[in-house]
Structures are given as C-alpha cells and as structure tokens.
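Me: I would like to learn how to read a protein model. Could you take me through it one feature at a time?

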Amino acid sequence: PKPLFIVAEYWSHEVEKLHQYIEQVGGQTQLFDAPLHMKFHEASCQGSDYDMRQIYTGTLVEADPFHAVTLVANHDTQPLQALEAPVEAWFKPLAYALILLRENGVPSVFYPDLYGASYDDIGSDGERYHVDMPVVDKLDTLILARQRFAHGVQTLWFDHPNCIAFSRSGTEDDPGCVVVMSNGDAGEKTLALGENYANKTWCDFLGNQSQQVTTDENGTGIFTCPAGNVSVWVIEEAI
C-alpha cells in the first residue's frame with residue numbers, strides 16, 4: 001500500500017510532550033512544530049533584541065526533523081483566534097525562508113499568507129474587530145526558490161545574534177543557494193563555499209539586494225542582506 005502523509009496537531013510548546021505523542025502513535029504521524037511557531041512569534045515581537053542563533057533551540061524540527069511539520073501561521077494562531085500568537089509581517093519572509101529553504105522538516109504555507117484575507121471576529125473584550133491579513137512579501141518567490149535552489153548539503157552560519165546564514169550546496173542536477181537574514185541592521189557574511197563555487201557571480205533571487213557578489217578562486221564571497229529582511233543568493237547562470 002502507498003504510505004500516507006499524516007500530520008497531527010498537539011499544540012504544546014514543550015518539545016518533550018511532542019516526543020511523547022509521537023512515541024504513543026508509534027511514529028506513524030508527523031506533528032506541527034508549535035515550539036518553532038512560538039519562536040517566530042517571539043522573534044517578530046522582539047526585533048533586534050532576539051538572538052537569532054537560538055531560533056531552533058527547543059523545537060521539534062531541531063530534535064526530530066523527520067516528524068516535524070513547520071509553519072509560520074495557521075487558522076488558530078491568527079488574530080482573535082484560540083491560539084492567537086501572530087508573527088509580525090516584517091518577520092514572515094525570514095520565517096518562511098527558515099522553513100522553505102532548509103532541508104529539515106516538512107514546511108507548510110498558510111493560504112492567507114499567499115493570497116491575503118480579511119475577516120471580522122469578536123475579541124476577548126467582547127468587541128468586534130476587523131482584521132486584514134496582507135500577502136507576505138515575496139512569499140511566492142520564496143516558494144519558487146525552494147523548488148529551484150533548495151538542494152544539496154546544508155551548512156549553517158548561526159554565529160551572530162542578529163545576522164545568520166545557511167547554504168545549500170546543490171547537486172549534480174540542481175543548483176543550491178546562500179540565504180542571509182538579519183533581524184537588525186543590514187547584515188553581511190563572509191562565507192567560504194569551497195572550490196566548486198570559485199569565481200562565480202551571484203545575485204539575490206528575491207531582488208532585495210541589487211548588487212552582485214563574486215566569489216574568489218577559493219569560492220569565498222561576502223554575502224549581504226537588508227536590515228530586517230532576507231536575501232537568497234543564487235548563481236546568476238542558474239536563474
């Protein structure tokens with residue numbers, strides 16, 4: 001029989017409780033990574049005070065990536081709903097880059113983040129409110145980047161509280177990418193990618209940076225991102 005993809009929801013921010021659930025069902029289902037969603041919420045609210053090196057600490061995707069379904073929002077976490085903990089709009093492109101372009105976990109995209117939505121509902125104070133959920137900036141491009149460039153071995157540079165980076169090496173058949181993001185000022189990383197990437201010209205697939213990056217004969221280059229945003233660097237000839 002064809003194996004089924006099954007995802008369950010046990011909304012606890014304690015990864016140990018998620019482990020217990022997975023064990024009780026014999027590992028037959030995957031689980032939404034509620035701890036990671038809370039990390040995204042906290043990071044979006046704290047801005048540059050949040051230590052991006054800790055974004056995966058205590059999450060299911062860190063402890064058990066095979067069983068983790070990662071998310072940035074769902075119908076319960078949006079404003080006025082039961083588990084209200086929305087991720088601020090400025091951080092959503094960073095959060096989606098962190099689930100779509102890394103190899104760990106199975107990412108999910110929330111429909112209103114891609115297409116927008118608006119609704120009216122009752123707040124905890126009994127008053128009625130109108131909520132607009134705008135389309136996440138360049139989410140469609142991030143999804144395309146996953147399809148085209150999220151391939152190969154992953155390397156992390158989580159070495160600064162505000163500016164982090166990771167790369168995908170690519171494979172024989174599919175190209176890789178370099179992802180740089182900052183929750184504070186404009187950031188940059190000097191990254192050694194190896195001789196396979198010597199003397200290559202790179203551009204930001206998201207278009208957030210207009211300049212190009214050229215790696216040297218050792219495959220080392222200085223990759224940048226705008227303040228409070230993310231850049232996805234790909235080899236120009238692969239576009």
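Me: Let me start with Thr77: is Thr77 buried or exposed?

Reply: The general idea is a set of cut-offs: buried means under 20% relative accessible area, exposed means over 50%, and partly exposed lies in between (1.4 Å probe, protein chains only). Thr77 has a relative accessible area of 1%, so Thr77 is buried. Keep in mind that this is a predicted model, in which local features need pLDDT of at least 70, side-chain atom pairs count only at pLDDT 80 or more, and totals for chains, interfaces and linings use all residues. Residues are numbered from 1 along each chain as its sequence is written, and side-chain values use heavy atoms, with hydrogens and water left out.

Me: Where is Thr77 found, and which residues does Thr77 touch?

Reply: Helices (H or I, at least four residues) and strands (E, at least two) are DSSP runs, numbered from the N terminus; contact means heavy atoms within 4.5 Å. Thr77 sits in the loop between strand 3 (68-70) and helix 4. Not counting residues up to four places away in sequence, Thr77 touches Trp11, His37, Leu83, Glu84, Ala85 and Pro86.

Me: Lys92 carries a charge. Which residue forms a salt bridge with Lys92?

Reply: First the rule: a salt bridge is a side-chain nitrogen of Lys or Arg within 4 Å of a carboxyl oxygen of Asp or Glu. By this rule the count comes to 5 salt bridges. In one of them, Lys92 pairs with Asp113, with the closest N and O atoms 2.7 Å apart. Lys92 lies in helix 4 and Asp113 in helix 5 (residues 111-115), so the pair ties together parts that are 21 residues apart in sequence. Both Lys92 and Asp113 are buried.

Me: What about the salt bridge of Asp159?

Reply: Asp159 forms a salt bridge with Lys189, and the closest N and O atoms are 2.7 Å apart. This pair links distant parts of the chain, 30 residues apart: Asp159 is in the loop between strand 7 (154-157) and strand 8, while Lys189 is in strand 10 (residues 187-192). Asp159 is partly exposed, with a relative accessible area of 47%, whereas Lys189 is buried at 7%.

Me: Which residue meets Lys200 in a salt bridge?

Reply: That residue is Glu237, at 3.6 Å, N to O. Lys200 lies in the loop between strand 10 and strand 11 (201-204) and Glu237 in the segment after strand 14 (230-235), so the pair ties together parts that are 37 residues apart in sequence. Glu237 is exposed, with a relative accessible area of 65%.

Me: Now a charge without a salt bridge. Which side chain of opposite charge is nearest to Arg168?

Reply: For charge, Lys and Arg count as positive and Asp and Glu as negative, while His and the chain ends are not counted. Arg168 is buried yet has no salt bridge, and the nearest side chain of opposite charge, Glu103, is 4.2 Å away. Arg168 belongs to strand 8 (residues 163-168). A polar atom of the Arg168 side chain lies 3.0 Å from the backbone oxygen of Gly152.

Me: Which backbone nitrogens does the side chain of His160 reach?

Reply: His160 lies in the loop between strand 7 and strand 8. The His160 side chain reaches the backbone nitrogen of Asn162 at 3.0 Å and that of Cys163 at 3.2 Å.

Me: Finally, how many helices and strands does the protein chain have?

Reply: The protein chain has 6 helices and 14 strands. Buried residues make up 50% of its 239 residues.

Technical notes: Polar contact = N/O pair within 3.5 Å; in protein donor to acceptor, adjacent residues only side chain to side chain.
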